[in-house]
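Work through each task before reading its solution.

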Amino acid sequence: MSEHESKKPRSADGDDNNSISAAASSISRAIDFLTLTRSLKTTKRTGWVMRKVHQPESIADHMYRMSLMSMIASFSDGALDTNRCIKLALIHDLAEAKVGDITPHCGVSDKEKYDLELETMQYISKMLGPMMGGDEILELWKEYEEGTTEEARLLKDLDKIEMILQAQEYEVEGSHDESLDQFFTSTEGKWRTEIGKAWAAEIVSRRKIGGNSKSVNGVGKMEEE
């Protein structure tokens with residue numbers, strides 16, 4: 001038998017097994033990640049808890065409305081990347097799934113907070129791997145934290161906008177035992193974009209007249225005809 005005849009075609013079984021194993025690992029890591037994010041749905045936002053708000057929103061509640069805000073706000077400026085804005089909104093508080101909602105009143109320095117959240121985001125990035133966007137998610141989080149792109153600056157504003165809108169809504173509902181003034185005073189003059197300034201002015205204006213005068217679904221007071 002010749003040397004050529006003695007050689008057998010390489011079996012694809014090994015490659016198939018590797019592919020199946022990789023796919024199974026990817027599925028497992030995806031479910032691990034999604035299970036980790038469950039705490040975003042169950043963890044109440046610290047600021048509202050501290051101010052004794054009744055049935056306060058969760059971290060996920062905040063992130064979801066911010067995602068809607070980022071979508072409609074980016075539509076008004078053709079220079080903004082809408083998809084990127086939505087991704088930043090979905091990612092910006094992702095680290096809180098593990099470290100919780102750390103506020104300036106929690107006794108944790110800005111550096112310590114950043115380090116804790118960076119460590120978590122690196123953990124999530126590694127968990128997902130590049131095939132499920134782990135690298136991109138980490139870079140999006142860093143972009144938001146640095147706040148240097150137009151999209152990140154908008155999202156920094158929307159983070160505060162969502163907070164004061166929620167505070168104004170809690171005031172309308174009367175669902176708080178302590179003053180929520182600090183949420184408004186802490187954001188005054190800190191807007192980075194024209195959209196942020198305009199939206200904040202509208203919310204503050206509605207607050208001054210004692211309610212959400214143009215609201216729908218029965219929240220606040222409707223304009224009188």
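**Exercise 1: the second largest pocket**

Task: State which residues lie nearest the centre of the second largest pocket, then describe its lining.

Solution. Of the 13 residues that line this pocket, Met69, Ile161, Leu165, Trp199 and Ile203 lie nearest the centre. A pocket here is an open set of points on a 1 Å grid over the protein atoms alone, where a 1.4 Å probe fits, with protein on both sides within 12 Å along at least five of seven lines; lining residues have an atom within 4 Å of a point. Next, the volume is about 320 Å³, taken as the space filled by probe spheres set on the points. At least two lining residues come from each of α5 (59–75), α10 and α12 (194–208); helices are DSSP runs (H or I, at least four residues) numbered from the N terminus. By class, the lining has 7 nonpolar, 2 polar and 4 charged residues.

The model is predicted: local features need pLDDT of at least 70, side-chain atom pairs count only at pLDDT 80 or more, and totals for chains, interfaces and linings use all residues. Residues are numbered from 1 along each chain as its sequence is written, and side-chain values use heavy atoms, without hydrogens and water.

**Exercise 2: the largest pocket**

Task: Give the volume of the largest pocket, then its central residues and the classes in its lining.

Solution. The volume is about 1000 Å³. Among the 31 lining residues, Ile102, Thr103, Pro104, Asp159 and Met163 are closest to the centre. Helices that each supply at least two lining residues include α8 (110–128) and α10 (150–173). The lining comprises 14 charged, 9 nonpolar and 8 polar residues.

Key: Ala, Val, Leu, Ile, Met, Phe, Trp, Tyr, Cys and Pro count as nonpolar, Asp, Glu, Lys and Arg as charged, and the others, Gly among them, as polar.
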